[in-house]
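This report describes a single protein chain. The sequence and the model are shown first.

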Amino acid sequence: MKRRTFLSVAVLIVTTLLPPSAQAQDTRKQAQAAVNKGVEYLKSVQEEDGSWGKYPATTALAVTALLKSGRTEAKEPAVAKGLQYIVRAAKPNGAIYSDADPALAMPNYNTALCLMALANARNALYLPTIRKAQKYLEESQFDEGEGKTESDPMYGGIGYGSKADRPDLSNLQLALEALKESRIHSDSAVWTKAIVFLQRVQNRKETNDQAWVKTTSGDGGFIYDSKGRSFSESGGIPQSYGSMTYAGLKSYLYAGVDKNDPRAKAAWDWIRGNYSVTEHPGMGDKSLYYYYHTMAKTFRVYGATTIEEPNGKKHDWANELMAQLVSRQKENGSWVNANGRFWEDRPALVTSYSLLALAYCLKK
């Protein structure tokens with residue numbers, strides 16, 4: 001442990017002495033090496049049935065991470081086995097989840113992540129499963145089909161899919177990303193309905209008609225659900241936090257909201273004022289790696305190579321995030337969070353998040 005710490009410090013000192021362009025190039029090399037180690041770790045912990053943790057959502061994240069890390073179904077058996085496990089979990093109604101533990105079925109959550117994996121495989125054989133999963137997710141959106149009108153706080157949202165379901169931004173953003181990556185048509189009603197819900201989870205008084213926003217600063221960030229529930233709270237007042245604000249901005253952009261729209265600009269201003277790669281803004285070390293991969297994907301969707309804080313300080317976000325992830329990787333190639341909230345004590349899950357974040361960072 002002491003030897004590794006000494007080496008890490010030595011590498012940091014040498015890297016710091018390099019000119020900026022050389023520093024960035026060196027960080028990219030280290031990040032690519034970290035990806036290779038992370039891929040090998042994931043492959044080493046795959047179950048015999050092709051899954052990771054015998055759970056479709058975790059399997060889908062691992063498969064997508066491998067695919068975005070340059071591994072293919074044709075050349076990487078782990079990817080092929082993972083995809084087959086996902087296909088076997090598909091239900092006649094289009095949902096993809098496991099029946100093993102009803103409490104963890106969470107059909108919408110699992111289906112969204114599995115759809116993303118199948119879409120990224122770019123294999124025409126999966127098109128029937130993809131089309132059915134798309135339809136299932138679209139029909140899972142709270143709308144007139146559930147007796148909800150546009151005035152209802154649940155309208156346009158998507159939840160886990162349980163019997164006592166209520167929509168939240170985390171599930172909605174995953175579903176929208178899956179639909180976008182699987183190329184659902186831009187004129188689908190799912191996008192316009194989603195915007196209605198997105199406005200109700202944004203901490204912006206001008207466009208949010210929910211009572212909870214009247215008690216807040218109206219800082220432009222996002223929270224978890226339209227009822228005012230936030231995992232980052234102070235004195236019972238809902239507080240915006242990192243992962244949901246990146247998720248909200250990304251979802252707006254997917255839904256066709258221009259980045260210069262006041263709603264998107266408000267979210268971007270919150271991100272500028274709360275930029276961090278060392279902690280999850282508003283959450284500390286909780287769900288840190290979920291934050292990292294949502295952050296990296298959002299920056300790519302937004303088209304930002306740098307971000308400037310309100311004080312004028314500029315950041316090469318990809319370079320900084322890569323350096324942070326490289327420094328956090330374990331000797332065996334995995335990543336894991338010491339704070340186990342939101343399943344982040346599970347190395348396969350957290351390693352998948354980290355590989356996805358690195359893939360978005362390394363993308364040119």
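## Basis of the model

The model is predicted, and local features need pLDDT of at least 70, side-chain atom pairs count only at pLDDT 80 or more, and totals for chains, interfaces and linings use all residues. Residues are numbered from 1 along each chain as its sequence is written, and side-chain values use heavy atoms, with hydrogens and water left out.

## Overall fold

The chain contains 13 helices and four strands; helices (H or I, at least four residues) and strands (E, at least two) are DSSP runs, numbered from the N terminus. Along the principal axes, the C-alpha atoms fill a box of roughly 60 × 50 × 35 Å.

Of the 364 residues, 56% count as buried. Buried means under 20% relative accessible area, exposed over 50%, and partly exposed in between (1.4 Å probe, protein chains only). Among contacts between residues at least 6 apart in sequence, 62% join residues at least 24 apart, where contact means heavy atoms within 4.5 Å.

## Helix α9 and its partners

Two packed helices are described by the angle between their axes and the distance between the axes. The axes are lines fitted to C-alpha atoms, for helices over the stretch in contact, and angles run from 0 to 180 degrees between N-to-C directions. Helix α7 (residues 169-181) packs against helix α9 (residues 242-254) at an angle of about 40°, with the axes 10 Å apart. α7 and α9 are therefore oblique to each other; angles under 35 degrees count as roughly parallel, over 145 as roughly antiparallel, 65 to 115 as roughly perpendicular and the rest as oblique. The crossing of these two helices is left-handed, a term that applies if the near helix is turned anticlockwise from the far one by less than a right angle, with right-handed used if clockwise. On the α7 side the contact involves Leu-169, Ser-170, Gln-173, Leu-176, Glu-177 and Lys-180, which meet Met-244, Ala-247, Gly-248, Lys-250, Ser-251 and Tyr-254 of α9. By class, the contact of α7 with α9 has five nonpolar, four polar and three charged residues. In this scheme Ala, Val, Leu, Ile, Met, Phe, Trp, Tyr, Cys and Pro count as nonpolar, Asp, Glu, Lys and Arg as charged, and the others, Gly among them, as polar.

α9 also packs with helix α11 (residues 288-302): their axes come within 9 Å and cross at roughly 30°. That angle makes α9 roughly parallel to α11, and the crossing is left-handed. The residues of α9 in this contact include Met-244, Tyr-246, Leu-249 and Leu-253, while those of α11 include Tyr-290, Tyr-291, Met-295 and Phe-299. The contact of α9 with α11 divides into 12 nonpolar, four polar and two charged residues.

## The pair α3 and α5

Helix α3 (residues 56-68) and α5 pack at an angle of about 25°, their axes being 8 Å apart. α3 is thus roughly parallel to α5, and passes it in a left-handed crossing. Among the residues that meet are Pro-56, Ala-60, Leu-61 and Leu-67 in α3, and Tyr-109, Leu-113, Met-116 and Ala-117 in α5. Residues of this contact divide into 12 nonpolar, three polar and one charged.

## Residues in loops

Met-106 lies in the loop between α4 (77-88) and α5 (107-121). Its phi is near 35°, a positive value in a residue other than glycine, and at 17% relative accessibility Met-106 counts as buried. Arg-183, in the loop between α7 and α8 (189-200), likewise has a positive phi, of about 65°, although it is not a glycine. Arg-183 is exposed, with a relative accessible area of 64%.

Tyr-224 is placed in the loop between α8 and β1 (233-234) and is buried, with a relative accessible area of 7%. Leaving aside neighbours within four places in sequence, its contacts include Leu-169, Ser-170 and Met-244. Asn-260, in the loop between α9 and α10 (262-273), is exposed at 56% relative accessible area.
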